[in-house]
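Let's take a walk through this protein together, starting with its overall surface and then moving to the contacts inside it. Keep the viewer open as you read.

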Amino acid sequence: MLFDSFDLVSALATLAACLVSMALLLAVSQQLWQLRWTATRDKNCKLPMPKGSMGFPFIGETCHWLLQVFAKVFSHEALESYLPKIQQVIQESLRVWSSNPEPINVYRESQRLSFTMAVRVLLGFRVSEEEMRHLFNTFQDFVDNLFSLPIDLPFSGYRKGIRARDTLQKSIEKAIREKPLCSQGKDYSDALDVLMESAKENGTELTMQELKESTIELIFAAFATTASASTSLIMQLLRHPPVLERLREELRARGLLHNGCLCPEAELRLDTIVSLKYLDCVIKEVLRLFTPVSGAYRTAMQTFELDGVQIPKGWSVMYSIRDTHDTSAVFKDVDAFDPDRFSQERGEDKEGRFHYLPFGGGVRSCLGKQLATLFLRILAIELASTSRFELATRQFPRVVTVPVVHPVDGLKVKFYGLDSNQNEIMAKSEELLGATV
């Protein structure tokens, strides 16, 4: 009887410790997001931190009109105009990867690729390769020190992050001021164009400081998560050669792939890409198994009850995307990489709401999810049609989930470019690599 009492006390103590740990995790996580907001905001910036927004200004109640702006930025017409520019950025990156005689760090290079896409396509900046490298390295320093404790001392992470932010804003201000001079011959409106025009339509003139802040937020939103998903995509294609071959078969069946290369006369269009069903299944399965972000926050708008536990109005609630995917009853054999689970015949994701939410759920789901999936689809098409690649290590690396999902060693892969005769291509000229979109 004494032993049973001891077990009961131990169980209660363990439960209490778990509850305290969860409360501390929520408090610390929210504090880190508050620190991130402080670090990225200039003292003169007038945008407040929105409630329940995880620190992103474009999602808050105070910026409701921005939701309408980004509905235009990520509309079907906008994505159609981005498509050839995204494809060009991806093709140039793959040529660089293939021309490297040594294996590349896929995660690092995917970060560079997503950063380039955000700067050249989403923001429409025309910068040289040298300026792009400087911007990327500065932004990397900024991100690496984003969650540092706010201790403003020499050589502290906080000081390094602030210094990187200030340097980044100077470069961005230069690019914004030069933007009107580089718009001749431009055939589409990028996110920054739409943002500035919509502000004027709403009787608001954004200051240069607010434009710089908004630009950094846009780059940040497209940076880490897209790089994470791109790396996971490449790793799964390496792990599962039959999946890569089925992608090629689908491209051949649609007349997009001939003699091992992407047909130049078969122009990629948004409707064509969306109609590639197996490609869609592959991207969905990558995002199910390797969701870049583990979860997010919401604020309870009213008191409600969940599994017998009352959640008071105003409380912050953290939900786990990864645990939802892992424990959802609709998915069979959850640890297996099985793109066919999303096929029309099986449709495991159609059996209920909120079982599959790689971009979050509800009205506050990711605004850029259509752009992100388009980017991943184009990358998969280019990988299947223009590249040969192989793992450069004896075994696949372990995957960690903080701050986003990524391999511990970055995933070392050797790329070989292919021409129409399946021969290795020579490195392209610096002039091509330095071309702006």
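The accessible surface of the protein chain comes to about 22,300 Å², and carbon and sulfur atoms hold 56% of that; areas like this one come from the Shrake-Rupley method with a 1.4 Å probe, and for residues only the protein chains shown count as cover. What you see is a predicted model, in which local features need pLDDT of at least 70 and side-chain atom pairs count only at pLDDT 80 or more, while totals for chains, interfaces and linings use all residues. Residues are numbered from 1 along each chain as its sequence is written, and side-chain values use heavy atoms, with hydrogens and water left out.

Of the 437 residues in the protein chain, 49% are buried (buried is under 20% relative accessible area, exposed over 50%, and partly exposed in between, with a 1.4 Å probe and protein chains only). The chain has 14 helices and 11 strands; these are DSSP runs numbered from the N terminus, helices being H or I with at least four residues and strands E with at least two. Among contacts with a separation of 6 or more, 71% join residues 24 or more positions apart, where contact means heavy atoms within 4.5 Å.

Now have a look at the aromatic side chains. The whole structure holds 10 aromatic pairs (rings of Phe, Tyr and Trp, the last by its six-membered ring, with centres within 6.5 Å; planes under 30 degrees apart are stacked, over 60 edge-to-face, and the rest tilted). One of them joins Phe139 and Phe223 edge-to-face, at 4.9 Å centre to centre and 80° between the planes. Phe139 belongs to helix H5 and Phe223 to helix H8 (residues 208-239), so this pair ties together parts that are 84 residues apart in sequence. Phe139 is buried at 0% relative accessible area, and Phe223 is buried too, at 1%. Both rings are members of a cluster that ring pairs build from Phe115, Phe136, Phe139, Phe142 and Phe223.

Side chains of opposite charge can pair when their charged atoms come close. A search of the whole structure finds 25 salt bridges, each a side-chain nitrogen of Lys or Arg within 4 Å of a carboxyl oxygen of Asp or Glu. In one of them, Lys174 meets Glu131 with the closest N and O atoms 3.2 Å apart. Lys174 is in helix H6 and Glu131 in helix H5, so the bridge ties together parts 43 residues apart in sequence. Lys174 is partly exposed at 40%, and Glu131 is partly exposed at 32%.

Staying with helix H6, you will find Ile176 there, buried at 7% relative accessibility. Leaving aside neighbours within four places in sequence, Ile176 touches Phe125, Leu192, Met208, Leu211, Lys212 and Thr215. Lys179 sits in the loop between H6 and helix H7 (191-201), and Asp193 in helix H7; both residues are buried.

What lies in the loop between helix H5 (129-144) and helix H6 (157-178)? Ile151 has its place there, and Ile151 is partly exposed at 42%. Together with Leu149 and Leu153, Ile151 makes a nonpolar surface patch of about 300 Å² (patch residues have over 30% relative accessible area and no salt bridge; like charges are joined within 9 Å, and nonpolar side chains, meaning Val, Leu, Ile, Met, Phe, Trp and Tyr, within 5 Å).

Finally, a few backbone details. The peptide bond from Val402 to Pro403 is cis, with omega near -5°, and Pro403 lies in the loop between strand S9 (399-400) and strand S10 (406-407). Leu411 is not a glycine, yet has a positive phi of about 75°; Leu411 is buried at 0%.
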